[in-house]
Amino acid sequence: MSRIFINYRRQDSEGYVGRLYDHLLKHFLRDDIFMDVDRLKPGIDFVQALEEAVAACDVFIAVIGRTWADVVDDSGARRLDLWDDFVRIEIASALKQNKIVIPLLVGGAKMPAPTALPEDIAAICRRSAFEISHARFVDDVERLAEIVRESISPTTRLKPKADSVTLERKTVAIKQVRAEVVAASDSPLYQFRIASGSYPVIGDGNPDAAIFFIGESPGRSEAESGKPFVGPSGEIFDELLRGIALRREDVFLTNLLLDRPPEKREPLPAEIAFYTPFVDRLLTIIEPAVIVPLGRFAMSYVLKKYDVPEKNGKISTLHGKLLNARVDGRDLHIVPMYHPAVVLYSANQRDVLQRDFEKLRIFV
Ligand code: URA
């Protein structure tokens with residue numbers, strides 16, 4: 001079901017709409033955005049199909065460029081006056097269904113007077129418009145995305161809830177992973193675990209979570225308790241979760257390494273190679289809609305695992321971006337983020353992380 005409907009006229013605003021679509025994809029899922037009527041199958045009643053597509057949306061964006069009201073067909077008739085004009089049918093349908101209709105003025109366009117429009121769409125003039133300027137395109141689209149996000153239905157779930165049998169199966173499967181890691185005496189960090197009297201940290205949270213976080217490696221507090229993110233980074237993590245009205249029980253949280261490395265050092269390639277097959281099994285069991293790697297090590301692992309085009313990118317450019325992968329015929333999304341520990345070194349990174357966490361709202 002498309003939650004955002006983009007209505008536009010090719011001859012009037014195609015260039016703007018292409019850019020708009022690309023930017024909105026940083027905030028919303030491809031399936032959330034409906035804009036091209038070409039997707040309709042031949043032979044169907046197109047008026048009914050357009051009305052159904054409009055009915056399914058939460059927000060209807062009518063892109064209005066300078067020539068929007070004046071475009072004519074080959075015979076010189078104004079398109080907006082024709083009964084079969086898609087732009088008109090869609091707008092009339094959105095207004096009739098009392099959708100949130102945002103007239104989006106582009107290219108310096110002005111809102112036409114109601115008297116210049118056919119009766120069934122004249123009421124669009126009463127909907128307050130949003131303007132995107134060429135010079136401030138990115139900032140304007142970011143603001144628009146914010147407005148759209150606030151308007152889309154919070155009840156639309158990307159991942160249907162598992163039934164109790166499936167939930168039990170997942171819980172048992174995670175316990176099995178835990179048992180195997182506990183017993184993994186061939187792990188590169190096993191000796192250190194035993195010598196320091198600590199526990200492995202498998203992960204915590206909802207066995208059927210839509211959102212799956214992967215940190216770097218457990219620290220001392222985590223290895224003492226067997227739980228991820230319970231030290232200082234954990235406090236920041238919890239606060240960020242609360243900011244989007246989530247609790248730990250709503251998500252799943254683990255690390256790239258499932259044992260604590262000594263002296264807070266970075267993960268070594270051999271350690272990553274040893275533990276990630278367990279992390280992969282957790283991903284297969286939980287089947288999240290989105291993976292959130294926290295920090296560059298987890299990000300690099302996840303992007304390479306799913307072979308996404310951005311796999312060699314830097315976290316400074318990819319953080320907060322909604323990346324797309326396909327797994328076994330289904331969509332999987334990845335939103336890399338900085339590791340919460342960055343806030344301990346640089347307080348203003350909290351705002352960056354907070355903004356990036358906002359991107360997860362569409363998965364809630
Ligand atoms: N840092 C991590 O990456 N993971 C934890 O569990 C704690 C701190």
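Mentor: A polar side-chain atom of histidine 339 sits 2.7 Å from an oxygen atom of the ligand, a polar contact being a pair of N or O atoms within 3.5 Å. This is a predicted model, in which local features need pLDDT of at least 70 and side-chain atom pairs count only at pLDDT 80 or more, while totals for chains, interfaces and linings use all residues. Residues are numbered from 1 along each chain as its sequence is written, and side-chain values use heavy atoms, with hydrogens and water left out.

Asparagine 255 also places a polar side-chain atom 2.7 Å from the ligand, here from a nitrogen atom. With glutamate 216 the polar atom belongs to the backbone, and it lies 2.7 Å from an oxygen atom of the ligand. On its own the ligand has 240 Å² of accessible area, of which the protein covers 92% (Shrake-Rupley method, 1.4 Å probe).

The residues around the ligand, each with a heavy atom within 4 Å of it, include His339, Asn255 and Glu216. Gly215, Ser217, Glu222, Pro228, Phe229 and Ser233 complete the list.

Terms used:
A polar contact is a pair of N or O atoms within 3.5 Å; within protein, one must be able to donate a hydrogen and the other to accept it, and residues adjacent in sequence count only if both atoms are side-chain atoms.
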